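Thanks for coming. I have one model to go through today, and I will keep to the fold and the ligand site. Here it is.

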Amino acid sequence: MSQPVSDEFTLAVCGGVGKSSLTVQWTQNHFMKYYDPTIESTFSVHKIIDNKETHLTIIDTAGQDEYKTLRDVYMRSAFGFVLVFDCTLKSSLEELKEFTKQLERLKKEEVHDEEEHEKKWKGNLYPCVVVANKFDLIPEDYENRELTEKEIKEFMKTELLLSENTPLIFTSAKTAWNVVECFETIVREMRAFSKVELPPQEVTSSHQANSSTSRKRNSLFLTKMASVSDSHDCQNDLKMFLM
Ligand SMILES: Nc1nc2c(ncn2[C@@H]2O[C@H](COP(=O)(O)OP(=O)(O)OP(=O)(O)O)[C@@H](O)[C@H]2O)c(=O)[nH]1
Ligand SMILES: [Mg+2]
């Protein structure tokens with residue numbers, strides 16, 4: 001049974017440094033020079049991507065440890081994931097391990113036949129892209145980088161347990177380099193993933209970005225935070241939600 005092609009997705013930007021900067025650069029075309037830690041913000045975005053109208057709800061997540069408890073909620077709500085790390089720091093890449101481990105656990109609960117699923121998809125249980133941000137800070141002499149592309153790819157495979165086909169994109173939220181590419185790639189991944197053919201019993205809310213279950217979950221989560229135009233309002237909403 002074919003899944004309907006959906007142009008409406010919820011995605012979460014999670015992991016290390018630059019989540020808000022990348023999201024704001026893509027949605028509002030400017031660079032956030034001053035650091036303002038996020039608790040949780042949502043962005044409602046309409047874009048034409050590959051000639052298709054696309055509506056996205058982007059959850060810009062908290063990087064700080066004290067908000068770890070929110071992860072389960074957004075990981076269940078979102079369909080696709082932008083996994084960001086700071087490419088000048090090896091430890092930042094290593095921190096992604098926690099995220100992929102948790103995602104793997106949660107998404108496995110939604111897939112009844114993992115083997116069957118892996119045959120049909122690239123081997124990942126959820127659509128994602130890995131984003132090596134802050135590329136503007138990498139010295140010109142490429143050889144002296146703390147992390148080479150090859151090392152990152154190897155880490156993605158052996159430690160993050162992501163398939164070899166998972167896109168890796170270098171970006172700079174500061175210069176806007178590859179930011180469009182980053183978000184358009186996750187949209188393409190989500191589109192491809194939503195078309196994966198699975199027997200009916202395996203079709204779950206995670207694969208149906210627009211299913212009523214998914215909508216209910218999303219709205220439950222999102223009604224707690226206004227659609228973002230002022231992130232502080234959203235953060236206050238969220239504080240109340242958590243109380
Ligand atoms: N040079 C450079 N600085 C960046 C880049 N992206 C983000 N920064 C800076 O890094 C700091 C943190 O960026 P944020 O986008 O707020 O990071 P975040 O991941 O949203 O952080 P939390 O909300 O606390 O999880 C800010 O001071 C940004 O200006 C980049 O590509 N290049
Ligand atoms: Mg942030």
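How many helices and strands are there in the protein chain? The chain has eight helices and six strands. Before going on, please note that this is a predicted model. Read from the N terminus, the order of elements is β-α-β-β-α-β-α-α-β-α-β-α-α-α. The protein chain has 243 residues, and 40% of them are buried. As for contacts, take the pairs at least 6 apart in sequence: 72% of these join residues at least 24 apart.

Next, the sheet. Six strands form an open sheet with mixed pairing, in the order β2-β3-β1-β4-β5-β6. Why is one side of β2 and of β6 left without a neighbour in the sheet? Strands β2, residues 40-49, and β6, residues 168-170, stand at the edges and have a single partner strand each, so one side of each has no neighbour there. On average, neighbouring strands of the sheet are turned by 25° against each other, ignoring direction.

Now the pairings, going along the sheet. Strand β1, residues 8-15, runs parallel to β4, residues 80-86, and five bridges join the two. In this pair, A12 has F81 of β4 as its bridge partner. Helix α6, residues 179-194, packs on the sheet and touches β1, β2, β3, β4, β5 and β6. The direction of α6 makes about 165° with that of β5.

Moving on, β4 and β5 are also parallel, with six bridges between them. Here L83 is opposite V130 in β5. On to the next pair: β5 and β6 are joined in the parallel sense by three bridges, and V131 is opposite I169 in β6.

Let me stay with β5 for a moment. Is this strand mostly covered or uncovered? It is mostly covered, with six of its six residues buried. C128, V130 and A132 point one way from β5, whereas V129, V131 and N133 point the other way. Both sets are buried.

Last, the ligand site. Which residues are closest to ligand 1? They are G18, S20, S21, T38 and G63, in a shell of 20 residues. Helix α1, residues 19-28, gives the largest share of that shell, with three residues.

Definitions and conventions
Residues are numbered from 1 along each chain as its sequence is written. Chains are lettered from A and ligands numbered from 1 in the order in which they are written. This is a predicted model: local features need pLDDT of at least 70, side-chain atom pairs count only at pLDDT 80 or more; totals for chains, interfaces and linings use all residues. A residue is near a molecule or strand if its C-beta atom, placed from the backbone, lies within 6 Å of it. Helices (H or I, at least four residues) and strands (E, at least two) are DSSP runs, numbered from the N terminus. Two strands pair if DSSP finds at least two bridges between them. Axes are lines fitted to C-alpha atoms, for helices over the stretch in contact, and angles run from 0 to 180 degrees between N-to-C directions. Two residues are in contact if their C-beta atoms, placed from the backbone, lie within 7 Å. A residue is buried if 20 or more other C-beta atoms lie within 10 Å of its own, exposed if 12 or fewer, and partly exposed in between; C-beta atoms are placed from the backbone.
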